[in-house]
Amino acid sequence: MKLSLPDFLTSNERSSTASYERSSTVRTRREGAVLHVELNAPASGNAVTEAMLDELLDIVAVPDPEVRVLVLGAAGDDFCLGGDRTEFGQWLEEDPAGRGIRVAGEKARRVCEALSGGRAVTIARVQGKAVGAGFALALACDLRVGAENASFRLPELALGLPTAWGGLLPRLIHEVGAARVRELILTGRAFGAGEARELSVLQRVVPEAELDDAVAAWAKPVVRRPEAALRVTKALLNSYAAATRLADPSFLDAELMASVAAATRRSPAGGNGTGGSHS
């Protein structure tokens, strides 16, 4: 029996040119002080794999100090349909205790922390669906603009899993509010761009053809700000936001995900998340 679940990301090319540099699942394009990072697996809906996480870590974990703005986007119709559930099931087949899930979960945490806590201002450029891990990646960014066709969903509970990936839950509760988050997670319903803006999941919604213009409108003034002031201001914003949280146990995400996935796999009733390539 194979279990399905939301998955993880990677990237590992850095470019100083205006054209995209290709890697297996992530592309990068450098325009002055702006680095565009694009999830590039459209055939799978940009499903997050461990390889994608490794590539992303190579880009965001040791950032270029000359980059002031990092734009996270995606190729194809959808931003990210979540994790690669086939890979997730393979990890459990290889090690029913969930070691592979723990390793990838720790990489996911590091990617999201680098996006939210790094010195560069990060902008999520979202079109189509952002599901599970894709939702977490977008939410880790400082600024988030979505196309009018953007939609979001957290399906983990229906797959027999906790909402524990990349530190998503504490950030979502802080940005949206506990009551609304409770409803979104327990029902697993999808919601569109308009509601996402009302919830502060998105700060701006535009027609899909205007996404690049909206990103540029944010990036242009940011790159003109003095580097030291920009870096300290982002650190202050993150520090004050963290101070309002009573607890942030996101370092336990990988352990929680692995433990529950292993328990669900052992349960005779735990097969409702099988099949499929992404959440």
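Q: Which residues is Phe152 in contact with, leaving aside its neighbours within four places in sequence?
A: This is a predicted model. In it, Phe152 is in contact with Val126, Ala130, Phe135, Arg189, Ala190, Phe191, Ala196, Val201 and Leu202.

Q: And which residues touch the most other members of the largest nonpolar core?
A: Leu137 and Phe152 do. That core has 58 residues.

Q: Which helix gives the largest share of this core?
A: Helix H3, residues 99-117. Seven core residues come from there.

Q: What's in the second, separate core?
A: That core has 15 residues. Among them are Val69, Val71, Val121 and Val222.

Q: New topic. How many salt bridges does a search of the whole structure find?
A: The search finds 15. One of them joins the side chains of Arg27 and Glu38, at 2.4 Å from N to O.

Q: What does the Arg27 and Glu38 pair tie together?
A: Arg27 lies in strand E2 (residues 26-31) and Glu38 in strand E3 (residues 34-39). The pair therefore ties together parts that are eleven residues apart in sequence.

Q: Are Arg27 and Glu38 buried or exposed?
A: Both are buried.

Q: What about Glu50, which residue does it form a salt bridge with?
A: With Lys107. Their closest N and O atoms are 2.7 Å apart. Glu50 is in helix H1 (residues 50-60) and Lys107 in helix H3, so to speak a link between distant parts of the chain, 57 residues apart. Glu50 and Lys107 are buried as well.

Q: Back to Arg189. Which residue forms a salt bridge with Arg189?
A: Glu195 does, with the closest N and O atoms 2.6 Å apart. Glu195 is partly exposed, at 21% relative accessible area. Arg189 counts as partly exposed too, at 28%.

Q: Which residues are linked in a network of salt bridges with Arg189 and Glu195?
A: Arg180 and Glu183.

Q: Let's look at helix H6. Which residues are buried there?
A: In H6, residues 178-187, the buried ones include Val181, Leu184 and Ile185. Seen down the axis, the buried residues of H6 fall within an arc of 95 degrees, so they line one face of the helix.

Q: What's on the other side of H6?
A: Ala179 and Leu186, which are exposed there.

Q: And what covers the buried residues of H6?
A: The cover includes helix H5 (168-176) and strand E9 (191-192).

Q: What happens just after H6?
A: Gly188 takes a positive phi of about 65 degrees.

How values were computed
Residues are numbered from 1 along each chain as its sequence is written. This is a predicted model: local features need pLDDT of at least 70, side-chain atom pairs count only at pLDDT 80 or more; totals for chains, interfaces and linings use all residues. Side-chain values use heavy atoms; hydrogens and water are left out. A nonpolar core is a set of buried Ala, Val, Leu, Ile, Met, Phe, Trp, Tyr and Cys residues joined through side-chain atoms within 4.5 Å. Buried means under 20% relative accessible area, exposed over 50%, partly exposed in between (1.4 Å probe, protein chains only). Helices (H or I, at least four residues) and strands (E, at least two) are DSSP runs, numbered from the N terminus. Contact means heavy atoms within 4.5 Å. A salt bridge is a side-chain nitrogen of Lys or Arg within 4 Å of a carboxyl oxygen of Asp or Glu. The arc is that of the directions from the helix axis to the C-beta atoms.
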